[in-house]
Amino acid sequence: MDMNTIEQVVPTADPAQWRDGDAWLAGGTVLYSYGSSTLKRLLSLHDAGWEPVTVHEDGLELAATCTVARVYALPGELAGRADWPGLALFRPACDSFVASFKIWNMSTLGGNLCTSLPAGPLISLTAGLDGVALILSPDGTSRRVPVAGFVTGDARNVLAPGELLRSVFLPAKALRARVAFRRLSLSKLGRSGVLLIGRLDEDGTFVLTITASTKRPVQLRYEGAAGSQALPDASALTRDIETAVPDTLWHDDIHGLPAWRRDMTLRLAREILAELGGAATAGGGDGVVVSGDFWPPVAPKEASAELAAIGLDALATDPTRDAIVINGVPATAEPRAGQCLRTFLREQGNTGVKKGCDGGDCGACTVHVDGKPVHSCLYPAALAGGHEVTTIEGLAATCSNGHGDHDADAPGDAGALHPMQRRFLESQGFQCGFCTAGMIMTSATFSEEQKQDLPRNLKGNLCRCTGYRAIEDAIRGDADGENRGHSGGMGDNVPAPAGPGVVTGAVRYTLDKDPADFPGLLHMKLLRSPHAHARIVSIDASAALAVPGVVRVFTHEDVPDLLYSTAQHELVEDDPDDMRMLDTVVRFVGQRVAAVVADSVQAAEAGVRALEVEYEVLPAVFTPEEAILPGAPTVHGEKDGAVARISRPQDNVLAELHSELGDLDAAFATADVVHEKEYRTHRVQHVALETHCSIAWVEDGVLTVRSSTQVPFLAQRTLARIFGRPRDSVRVLTGRVGGGFGGKQEVITEDLAALAALELGVPVQLEFTRSEQFTATTTRHPFHIRLKAAARRDGTLTALQLDVLTNTGAYGNHGPGVMFHGCGESVAVYNCANKRLDAQAVYTHTLPSGAFRGYGLSQMIFAVESAMDELAHGIGMDPWEFRRKNMVRKGDPMLSSHSEPEEDVLYGSYGLDQCVQLAEDALRRGAEREASFGAELGEEWLVGEGSALSMIDTVPPRGHFSHSRVSLGADGRYLVEFGTAEFGNGTTTVHTQLAAEALGTSTDAVDYRQADTANTRHDTGAFGSTGTVVAGKATLAAATELADRLRALGADLLGAPVEDCVLGPDGVAHPGGTVSLERLHAAAVERGLSLVADGEWGGTPRSVAFNVHGFRVAVSRVTGEIRILQSVQAADAGKVVNPRQCRGQVEGGIAQALGAALYEAVRIDDTGRVYTDILRQYHIPTFADTPRSEVYFAETEDSTGPLGAKSMSESPFNPVAPALANALRQATGVRFSTLPLTQDAVYLGLKEAGLTLV
């Protein structure tokens, strides 16, 4: 990220020059990933001239500026030192970085030590080898400190202000030792939760170094004597560890619970003891084994030859060449002192370089510096002078990856594609496309060897949409040729129209703007509340207004006195009016308090820091269980519930549902088996890679907002309401949107940007940081479900009772809808005579919840489908058969909370039975394959299968409207205009495909415009999986109407009966001749006929879609790891318009659901603060984490959808977590009822059940 407080970068390695407000700059990867609001100068070590590696007779000296890449390369460089088997630790230690190899090119030994995180791999390495740090002081003195004592706690060390770590010396005695290495993390290739290094010195001394599991390194040393080994026995080692590490020293964070870390430390310590106590292997260190990436421990792979030694001096500025060379052209501007390379490149017009995380976590900003891939968000732009920088825009013309992997005709041709760009285009290795440039820039440098280890080599690149299979196809090559060639018709794998722009970086997302289009552009930054609940007593803006560049400060005194909801639905009444743009009361940590507008982001940030706010702190409540207790602090207790549409504001109840069908008491009394349990789901963040952002301006009296939104027309309506303007005086449009998943069904940035633009008369931009996404937008609603269910011995489901609390957070956006929807199809999918639902959506003083993929269903289905498995086990019936017996069949009433089904919800097609059979058959084939090839798992693994089904209405209730327009141009090309936004949901492809089908042509002949309120009348928005079944139906209607007009006109021109004429790609054809499209257009103009057709659809009647997921898993009794052996999903999507695209939606939904089930959790502390506010603290699935799922489609054709199609965007997410939990249950016999199913939680659950191995 940009370090906007930095005023100067000073090249020096002299501690005497240090002063308050300074920081030492080596690789910069830590400084630029965490940022600072206090630093003024960076003291750059890039020109220090320190030799990275110096070999001495008595050991090895590593400069603090030695890069991780160079450390990784050292075993190869020193391959002749067979007397130093300790070198075998270097590569496993580097591989333990959660950061990608691209960061290794910049990150340094000194940076890792001085950051002093418990999981710092080079701390582990150097401490384990008895490294000694040389520290230089400002007074000219120096001192030496053992690395094991250098780190004193989590992010704490012995350095005094101004001191500089110069080097670390590794003694030959330690390098000559036999070594062992063990590591574990909660995810594949993730941050270490435990890292142990064992050493057996030549004199028999045994040294065990414990890191990652403890807040600081802990070393146990057993001195040898007279050549005899001093190895303790296992029980003594266990006792000594427990003595050396008190309970308070075990680390506790999202990367591992203390109890798990403790047990894993003891386990791995015993392994190391056994390994070093055995006979030495030939070749010394060749016997080292590594655990942590994949259990059980394996021998490490040889390093790729591509990771050659790189020194930090390679990134030093070239004094003879100051300009940064971008895609072969020297830049004419100079970067600001603290600016990162990403921002500088974007300012120079290279908008293919994306801002996704600001911390080197997502890879969307990847560029090449002198041919090496780097995360440009971490690269100090001030140090890029004299270097060649290549972005996605210049890849084909200027980049050679050193492997001959570039088009023969590409050099100098800016229009050509690099082979990797071509592969991504052919394989459609993207959905929203925001990550694609970074993926291509990274993989374009891969050798064939690196392509075979994509889990490791892509770990610095994240994709939230695809599930990675299409990306793998692109990088490795599409072996089966599936992605080549298409006719453009229904059921064909038509590529996305925006594909060429996505792979070249030319397609424009919200902020990919030409500054010339926005003269006088100002930037907005927000002051956010540090309190969960407080009244604002006063705001003093005088100091902020005195900051150079600050133009205006907005507070509650400057905004309309109007309550509204950030949530966007067709009916405003679906959500409570409980929020003011800037309020006098704040209700969660992170709520916006004031807005500062300035001529630069730096000035706006400085203005925010200068604001002085006096708060009156008020009592707060953080859980729904506490919030509904008598006397609890109220969140909106002052509001009139009838006016604000809040059920019981004095009781913190936003909305509630109470219903009963049948006689529950009688059903439970006569049941043969009853299952009763509490289930809990958690907060999950959308993590769309493009953060919320908007640009607002006034043009010809029209308030215009360009926004990253799923709902431009509803945002238009909301802005008109807030500012009291006619709706036609507000325009909202989108570019391509970098992911949504429900998170952009809100007005979160648009209102404040619009306020400032209206007041100031110039364009204003508001862009959220990644941390703001986590702390100040929305999440999935946490659900607490008390469930009770019953069945008879014959397998009949007789009773289903659910008592539900949902945590809507501080504001009720989407709270009622999520609660009602969650309690709908999850229950209605089963025939059961007795159902009771009690649900409450409850306010708390926490981050607001909102719309999220599945809209409440995934939370409820987790509980209901877990219960179905428990009932089946309870009566001894196969879970597949139990579901078949009780699931709805075509014609059955779909009942949840009402005795009559929804009038407009129909079985447009029914494929649930096919889905169940498809998934069951696939799992059976998988088990047979495993049996035929032989099982590789030992007794420490427990294997099980699990399944879950789900149903979802294809359109939200109470109306969802779309208008489309299709026209023929004078050039014979068609234009489709529709309101639906494109954010990886594939709407542009489907709309052009539907239009082409109706018009008898191919998609190549169809252009499109979308998501602009100035072009079409209305579109409720791209949510609820409506992009195909509602907006697509409107487009189909418009295209069909135009086709009819063209056939009629052509028949008239040909003098032939209409029924004998066919509209095709060349025009209207008849055995007697053909009228071209161009002639048809000219004739229409001559006759005053319109070749512009409109289509509309109102979202009713609605159908239902089905998904069934199955897993086969193995669960480690040693670590708690869940290994997915097989993942299968069968989907009823009606007639599949585009199989590749639809499969991609399913795969992406599965991947996101696996993240929610296994890793992801937004954590809030006891003050209401979100502390998982960066991606390295919030683990979304990487390539390594994501299994390849088998996807099958039922053969159905829906009577309500366009040409038989159904929606398939949200629903694949819903059955994944319960299927996984059910597989875990079958494998272990333990019912895990709280998400996420993290490795440490699973291990502790198995331990409590007496199932773990010691």
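Valine 966 stands opposite valine 976 in β37. The strand that pairs with β37 here is β36, residues 962-968, and β37 itself covers residues 974-978. The two run antiparallel over 5 bridges; strands count as paired if DSSP finds at least two bridges between them. Helices and strands are DSSP runs numbered from the N terminus, helices being H or I with at least four residues and strands E with at least two.

Before going on, a word on the source: this is a predicted model, with local features needing pLDDT of at least 70 and side-chain atom pairs counting only at pLDDT 80 or more, while totals for chains, interfaces and linings use all residues. Residues are numbered from 1 along each chain as its sequence is written, and side-chain values use heavy atoms, with hydrogens and water left out.

Back to the hairpin. β36 and β37 form it with 5 residues between them, and glycine 972 in the turn has a positive phi of about 85 degrees.

Is β37 enclosed or open to the outside? 5 of the 5 residues of β37 are buried, so the strand is largely enclosed by the rest of the structure. Buried means under 20% relative accessible area, exposed means over 50%, and partly exposed lies in between, with a 1.4 Å probe and protein chains only. In a regular strand the side chains alternate between the two faces of the sheet. In β37, Tyr974, Val976 and Phe978 point one way, and Leu975 and Glu977 point the other way.

On to β38: 5 bridges join β37 to β38, and these two run parallel. Tyrosine 974 stands opposite valine 1006 in β38. The whole is an open sheet of 4 strands in the order β38-β37-β36-β42, with mixed pairing. Its edge strands, each pairing on one side only, are β38 (1006-1010) and β42 (1092-1097). On average, neighbouring strands of this sheet are turned by 20 degrees against each other, direction ignored.

Which helix lies across β36, β37 and β38? That is α32, residues 987-999, running at about 135 degrees to β38. Angles here run from 0 to 180 degrees between N-to-C directions, and axes are lines fitted to C-alpha atoms, for helices over the stretch in contact.

In the loop between α32 and β38 we find glycine 1000. Glycine 1000 counts as partly exposed because its relative accessibility is 27%. Not counting residues up to four places away in sequence, glycine 1000 touches Leu1063, Gly1064 and Pro1065, contact meaning heavy atoms within 4.5 Å. Glycine 1000 and valine 1068 are 68 residues apart in sequence, and 9.7 Å apart in space, C-alpha to C-alpha.

Next, helix pairs. α36 (residues 1139-1158) and α37 (residues 1216-1228) pack at about 55 degrees, with their axes 8 Å apart. They are therefore oblique to each other; under 35 degrees would be roughly parallel, over 145 roughly antiparallel, 65 to 115 roughly perpendicular, and the rest is oblique. α36 passes α37 in a right-handed crossing. A crossing is right-handed if the near helix is turned clockwise from the far one by less than a right angle, and left-handed if anticlockwise. The contact is made by Ile1150, Ala1153, Leu1154, Ala1157 and Leu1158 of α36, with Val1216, Ala1217 and Leu1220 of α37. By class this contact has 8 nonpolar, no polar and no charged residues. For the classes, Ala, Val, Leu, Ile, Met, Phe, Trp, Tyr, Cys and Pro are nonpolar, Asp, Glu, Lys and Arg are charged, and the others, Gly among them, are polar.

The other pair is α13 (residues 419-427) with α17 (residues 469-476), at an angle of about 135 degrees and with axes 8 Å apart. That angle makes α13 oblique to α17. The contact is made by Met420, Arg423, Phe424 and Ser427 of α13, and by Ala470, Ile471, Asp473, Ala474 and Ile475 of α17. Here the classes are 6 nonpolar, 1 polar and 2 charged residues.

Just after α38, glycine 1250 takes a positive phi of about 75 degrees.
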